[in-house]
Amino acid sequence: MKTLLPTSAQIPKVLSIAGSDSGGGAGIQADLKVISSLGAYGLSVITAITAQNTLGVTAIQDIDLQIIEAQIDAVLSDIGADSVKIGMLASPEIVQLVAKSLRKHGVTRIILDPVLRATSGASLGGDDTAQAMISELFPMASLVTPNLEEASLLLGRDIDQVDDFRSAAEELLALGPQAVLIKGGHLDAKHAELTDYLMWRSIEDCLEIIQSKEFKHRRIDTENTHGTGCSLSAAIATYLADGHDLAHAVAKAIAYVEAGLEAGRYLSIGEGPGPLWPMFEFYPTSLPQEDR
């Protein structure tokens, strides 16, 4: 039943389509924390349930296709979304369904984080899933955000050096998305400075041009990095929903994740690598005193 009181306050609405992380550090749980901390309203469509903690993933159960479709229809037919972030899609059938449903609802701002493997090494989607993403979702995506391992899986060759980033971005952009962000967080530990590489299409004087930008930032000395990729793509989706242009949204999201990693350095959550801390502005972490 509709309320009789007038409502006029509007905030950005961001939909996350992803898997559930029972440990709370990645997936839907991380996305909703990020979206809320950045002042937007978070919606969710769960594509899989994982049993996982800081030590790894022990079980995965895909959600039935009709339930995934029903979730998408429910939130988009009533509430809508200013942007959609897509994370874990564990099968080609789920990829195809999500693409079909988003086309049905006319969604145009899609940030695709091609999650194909967990940080622990567990497979979250095989080659068939990667190919389905390329054929079904890449042409719809406003931005694709692979890390180095995901870029390597998508392109079928190793991407492990900063010198590879431009050519990898060009190849991925040729597959149809409007923009690609190659994330450099998986560079080996000798790199104290990390590089993320953004390439995007734009229109000037009725002609399409390709632009690019490097984002350099320091490596945070921490093992608590679980959920970094999920948090980055969710932050980009939120900043885009709030009206920022692409390059600015990416820059702000990188700075947000860097601050979350810094704040999470001394958090003790579980026995393995913990998550970054997305709520740092509301609940700052206390750093240990050097003389202790």
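Colleague: Is K216 buried, partly exposed or exposed?

Modeller: Start with the cut-offs. Buried means under 20% relative accessible area, exposed means over 50%, and partly exposed lies in between (1.4 Å probe, protein chains only). K216 is partly exposed, with a relative accessible area of 45%.

Colleague: What should I know about the model before going on?

Modeller: This is a predicted model, in which local features need pLDDT of at least 70 and side-chain atom pairs count only at pLDDT 80 or more, while totals for chains, interfaces and linings use all residues. Residues are numbered from 1 along each chain as its sequence is written, and side-chain values use heavy atoms, with hydrogens and water left out.

Colleague: With which residue does K216 form a salt bridge?

Modeller: General idea: side chains of opposite charge can pair when their charged atoms come close. The rule here is a side-chain nitrogen of Lys or Arg within 4 Å of a carboxyl oxygen of Asp or Glu. K216 pairs with E214, and their closest N and O atoms are 3.6 Å apart. E214 is partly exposed, at 40% relative accessibility.

Colleague: How many salt bridges does a search of the whole structure find?

Modeller: The search finds 11. One of them joins D113 to K183, with 3.4 Å between the closest N and O atoms. D113 sits in the loop between β5 (110-112) and α4 (127-137), and K183 in the loop between β7 (179-182) and β8 (193-204), so the pair ties together parts 70 residues apart in sequence. Helices (H or I, at least four residues) and strands (E, at least two) are DSSP runs, numbered from the N terminus. D113 and K183 are buried.

Colleague: Where do E171 and R157 lie?

Modeller: First, the contact itself: their side chains meet in a salt bridge, 2.4 Å from N to O. The pair links distant parts of the chain, with E171 in helix α6 (residues 165-173) and R157 in the loop between α5 (148-155) and α6, 14 residues apart. E171 is partly exposed at 34% relative accessible area. R157 is partly exposed too, at 29%.

Colleague: Which residues are linked in a network of salt bridges?

Modeller: R218, E258, E262 and R265.

Colleague: How many of the residues of α5 are buried?

Modeller: General idea: an α-helix has 3.6 residues a turn, so residues three or four places apart point the same way. In α5, 6 of the 8 residues are buried, so the helix is largely enclosed by the rest of the structure. They are L148, E150, A151, S152, L154 and L155. Their cover includes α4, α6 and β7, where contact means heavy atoms within 4.5 Å.

Colleague: What marks the ends of α5?

Modeller: At the start, a side-chain oxygen of N147 reaches to within 3.1 Å of the backbone nitrogen of E149. Just after the helix, G156 takes a positive phi of about 75 degrees.

Colleague: What do the buried residues of α4 pack against?

Modeller: They pack against β4 (83-86), α3 (92-104), β5 and α5. The buried residues are T129, A130, A132, M133, I134 and L137.

Colleague: Is F165 buried or exposed?

Modeller: F165, in helix α6, is buried, with a relative accessible area of 1%. Leaving aside neighbours within four places in sequence, F165 is in contact with L148, I159, I182, G184, L187, T195 and Y197.

Colleague: Is A174 buried or exposed?

Modeller: A174, in the loop between α6 and β7, is exposed at 64% relative accessible area. I203, in strand β8, also counts as exposed, at 58%.

Colleague: Which residues line the largest cavity?

Modeller: Take the rule first. On a 1 Å grid over the protein atoms alone, a cavity is a set of points where a 1.4 Å probe fits but cannot get out, and lining residues have an atom within 4 Å of a point. Points are joined across faces, edges and corners, and volume is the space filled by probe spheres set on them. The count is 1 cavity of 30 Å³ or more. The largest holds about 40 Å³. Its lining is D21, G23, G24, G25, N53, T54, H226, I269 and P275.

Conventions: On a 1 Å grid over the protein atoms alone, a cavity is a set of points where a 1.4 Å probe fits but cannot get out, and a pocket is an open set with protein on both sides within 12 Å along at least five of seven lines; lining residues have an atom within 4 Å of a point. A polar contact is a pair of N or O atoms within 3.5 Å; within protein, one must be able to donate a hydrogen and the other to accept it, and residues adjacent in sequence count only if both atoms are side-chain atoms.
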